[in-house]
Each structure stands twice: as C-alpha cells, then as structure tokens.
Amino acid sequence: MRDDELLQLLIPVIADLGFECLGIEYAPSRGNSLLRIYIDAPDRPITLDDCEAVSREVSATLDVNDPIAGRYTLEISSPGLDRPLFTPAQFSRFLGQQAKLALNLPVQGRKRLQGVIRSVEGDSIAIEHDGVVSAVAHENIQKARLVPDLAALGLLPEAKNKGAKKAPNKPAK
C-alpha cells in the first residue's frame with residue numbers, strides 16, 4: 001500500500017479522535033518495518049495519553065484492513081520542536097522559520113538545503129539559503145523538518161559565568 005493510500009485510511013480515524021494527522025513515515029524492512037504517524041492537536045501540546053489513544057484506534061483499523069504486509073512496529077508521535085513538514089500547507093504555516101530539507105534531485109547543485117521558508121505557491125516552496133532563494137517542487141522533497149530556534153525558546157544553556165564580573169585585583173601589602 002502506498003503512503004497516500006495509507007493516509008486516506010488513517011486520517012478519518014485520527015480526526016474522529018480530535019487530532020490532525022500531520023503525516024507518516026513508513027520504513028519497510030525485512031524483519032520488522034516501522035510505521036510512524038505524527039499527530040497534532042489544535043490548541044495544545046500532544047500528551048502520552050493522546051498517543052496511546054490514537055495508537056489503540058489506528059492499530060484496530062490496521063488490524064481490520066491489513067494494509068501492511070509482514071511485521072511492523074506502530075509508533076505514534078507528536079511533531080516535537082523539529083516538526084516534520086509533509087505538505088505545502090504545513091510549510092505555509094511556518095513562513096519565516098528555518099527548515100532543513102533533504103531532496104530527491106539537486107537544487108542549486110545541492111541535495112540538502114537549510115534556510116528560511118519565504119513563500120509557498122501551489123506546490124512550490126521558496127527557501128532562502130546562503131543568500132539565495134530557491135524554488136523547490138514539493139514532490140522533490142524527500143524529508144523536511146523545522147529547525148527550532150533554541151535561543152528564542154529559552155532552551156540554550158547559558159555560558160558559564162556569563163555576565164559575571166571579575167573580582168578586582170587587590171594591591172599587594
């Protein structure tokens with residue numbers, strides 16, 4: 001089953017629980033594949049209880065429909081600070097913020113870009129990187145994540161003794 005077909009199966013189940021399905025990451029493997037589903041809530045952070053509730057419902061849906069061959073691990077995740085971006089609409093929500101992109105085909109000779117999301121027009125995302133704005137087709141994006149501004153969030157540790165004044169030298173007696 002393709003990712004978009006899997007999404008069409010799961011989006012209504014997740015929406016019925018009051019959450020948004022941001023997207024999925026499916027990593028097939030011979031032994032045990034991984035299906036990671038990112039969920040979000042409109043006005044609050046995602047909790048462990050939210051992930052458990054979604055996991056129960058999604059697991060039941062997957063058991064009934066059996067869209068994935070073989071063994072797999074189901075993982076439900078919040079988007080976190082380095083939120084993955086799956087759709088042009090999600091890029092639009094974060095205009096002006098830093099994003100890191102892994103591309104299928106090179107743009108400006110590079111398959112990895114990091115820069116500010118400047119605009120989204122249809123399926124084209126404009127990223128400003130290294131003083132240049134590049135238009136990237138959404139279908140060329142293999143993986144994208146926000147780059148959190150840890151300093152703005154107050155999450156960077158302060159430098160040791162930053163702002164501490166040095167004791168004045170006392171003259172020898």
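**Exercise 1. Sort the residues that line the largest pocket by class, then find which strand gives the largest share.**

Start with the classes: the lining has six nonpolar, two polar and four charged residues. Here Ala, Val, Leu, Ile, Met, Phe, Trp, Tyr, Cys and Pro count as nonpolar, Asp, Glu, Lys and Arg as charged, and the others, Gly among them, as polar.

A word on the model: it is predicted, with local features needing pLDDT of at least 70 and side-chain atom pairs pLDDT 80 or more, while totals for chains, interfaces and linings use all residues. Residues are numbered from 1 along each chain as its sequence is written, and side-chain values use heavy atoms, leaving out hydrogens and water.

Next, look at the names: the lining includes Asp3, Phe86, His138 and Lys143. Finally, strand S8 (141-146) supplies four residues, the largest share. (Strands are DSSP E runs of at least two residues, and helices H or I runs of at least four, numbered from the N terminus.)

**Exercise 2. Work out which strands stand at the edges of the open three-stranded sheet, and why one side of each lacks a neighbour.**

First, write down the order, S1-S2-S3, with mixed pairing; two strands pair if DSSP finds at least two bridges between them. Then count partners: S1 (20-27) and S3 (72-77) each have a single partner strand, so one side of each is left without a neighbour in the sheet.

**Exercise 3. Describe how S2 and S3 pair.**

Begin with the sense: S2 (residues 33-40) and S3 run parallel, over six bridges.

Technical notes: On a 1 Å grid over the protein atoms alone, a cavity is a set of points where a 1.4 Å probe fits but cannot get out, and a pocket is an open set with protein on both sides within 12 Å along at least five of seven lines; lining residues have an atom within 4 Å of a point.
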